[in-house]
Amino acid sequence: MSLPDAPALTTPKGRVYAMLDTDGDGVASRHDYFVRIERARQATGRDHDDPLVIAARTTGERAWAAMDANGDGVMTYEEYVAWVDADKFDNVCRYALGALFDLADADQDGALDRAQFTALRQALNNRASNADAAFDALDADGDGRVHRAEYLASIRAYVTGEDSPMGDALY
Ligand SMILES: [Ca+2]
Ligand SMILES: [Ca+2]
Ligand SMILES: [Ca+2]
């Protein structure tokens, strides 16, 4: 298996892809993808049959099926770059990302506090070193909470290459 070109890891899509490659072997596999959901389940203390866990798996299955179009269990970096765009984010990714956000939102009010946000990021294989910076960037009004819509909008802007001040902090 060939690793993605090193420069790719400095681009938004390269960084997202690196996050999706949970075991770091250079290729995002189906196993990598669902390990992230399972880690989020464990980190948020939810049961396997929790409706939110089931929703995360269902939206995850849908997203993975779209990303791994040829169904070989692997989404190469080239496949990911060719696939992801604003339309895919709006119709596929946002549901999977939103369902993961909901796992961490213990009181289901649509916002995460710093501890919940950090735990979710770590479970999803985001870099731990910038968790505080990411939270501060997303918590624009400084009320100590990051809202679901802001979270999704920020990731969308980052992945689709729009100007995103918190993109670097997020990933
Ligand atoms: Ca991998
Ligand atoms: Ca594939
Ligand atoms: Ca909440």
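How exposed is N125, in terms of relative accessible area? N125 is partly exposed, at 25%; partly exposed denotes values between the limits for buried (under 20% relative accessible area) and exposed (over 50%), found with a 1.4 Å probe on protein chains only. The structure is a predicted model, in which local features need pLDDT of at least 70, side-chain atom pairs count only at pLDDT 80 or more, and totals for chains, interfaces and linings use all residues. Residues are numbered from 1 along each chain as its sequence is written, chains are lettered from A and ligands numbered from 1 in the order in which they are written, and side-chain values use heavy atoms, with hydrogens and water left out.

**Figure 1. Overview of the protein.** The protein contains nine helices and four strands; these are DSSP runs, helices being H or I of at least four residues and strands E of at least two, numbered from the N terminus. Read from the N terminus, the order of elements is α-β-α-α-β-α-α-β-α-α-β-α-α. The radius of gyration is 15 Å, close to the 16 Å given by the globule rule for 171 residues, so the protein is as compact as a globular protein of that length. This radius is taken over C-alpha atoms, and the rule is 2.2 Å times the number of residues to the power 0.38. Along the principal axes, the C-alpha atoms fill a box of roughly 45 × 40 × 30 Å. Of the 171 residues, 47% are buried.

Figure 2. D21 lies in the loop between α1 (12-20) and β1 (28-29), whereas D32, eleven residues apart from it, belongs to helix α2 (residues 30-43). Both D21 and D32 are buried.

Figure 3. D107 counts as exposed because its relative accessibility is 52%, while D109 is partly exposed, at 36%. Q108 is placed in the loop between α5 (86-104) and β3 (111-112). Although Q108 is not a glycine, it has a positive phi of about 55°, and its relative accessible area of 41% makes it partly exposed.

**Figure 4. The loop residue N125.** N125 is located in the loop between α6 (114-123) and α7 (131-138). Its phi is positive, about 75°, although N125 is not a glycine.

Figure 5. V16 is found in helix α1 and is buried, with a relative accessible area of 5%. Apart from neighbours within four places in sequence, V16 is in contact with Y80, Y158, V159 and Y171, contact meaning heavy atoms within 4.5 Å. The C-alpha atoms of V16 and R127 are separated by 11 Å, with the two residues 111 residues apart along the chain.
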